[in-house]
Amino acid sequence: QVELVESGGGLVQAGGSLRLSCAASGRTFSNYRMGWFRQAPGKEREFVAAISRTGGYTYYADSVKGRFTISKDNAKNTVDLQMNNLKPEDTAVYYCAAKYTNTYDYAGSKMKEYDDWGQGTQVTVSS
């Protein structure tokens, strides 16, 4: 099991940027592939972005492609989500998730694939 703590959320105007960070502890971080998910009020949690254990493969939801960038630093045990050109519909609680894996170049988009989750960080985008 790996413990995850998200940070970097906040209030931003539409068109602005935020950088979320997820710090991991407890196990060898380089053995984990990571994902970011979000949940807006009254909606189901949805996939945002994922990255392979090496960081060499990434995958994005269509709604954020070209605006968000996921990155993984195995030396610092962190995974970041750079969010640019934010829109009001990006408002949600953002969650970091981890999955231990032996596969080097795969990044999953399904919630059930992930075993460990953070507590979430709120992102609010005003119009």
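1. A residue counts as buried when its relative accessible area is under 20%. In this predicted model, six of the six residues of strand β8 (residues 78-83) are buried, so β8 is largely enclosed by the rest of the structure.

2. In a regular strand the side chains alternate between the two faces of the sheet. Within β8, T78, D80 and Q82 point one way, while V79, L81 and M83 point the other way. The residues of both sets are buried.

3. Strand β8 has a pairing with β3 (residues 18-25), to which it is joined by six bridges in an antiparallel arrangement. As a point of reference in this pairing, S21 stands opposite D80 of β8.

4. Strand β7 (residues 68-73) also runs antiparallel to β8, and six bridges join the two. Here F68 has M83 of β8 as its bridge partner. The two strands β7 and β8 form a hairpin with four residues between them. In that turn, N77 has a positive phi of about 60°.

5. The next point concerns the loop between β8 and β9 (92-100), where T91 is placed. Which residues does T91 contact, leaving aside its neighbours within four places in sequence? They are A40, Q122, V123, T124 and V125.

Technical notes. Residues are numbered from 1 along each chain as its sequence is written. This is a predicted model: local features need pLDDT of at least 70, side-chain atom pairs count only at pLDDT 80 or more; totals for chains, interfaces and linings use all residues. Side-chain values use heavy atoms; hydrogens and water are left out. Buried means under 20% relative accessible area, exposed over 50%, partly exposed in between (1.4 Å probe, protein chains only). Two strands pair if DSSP finds at least two bridges between them. Contact means heavy atoms within 4.5 Å.
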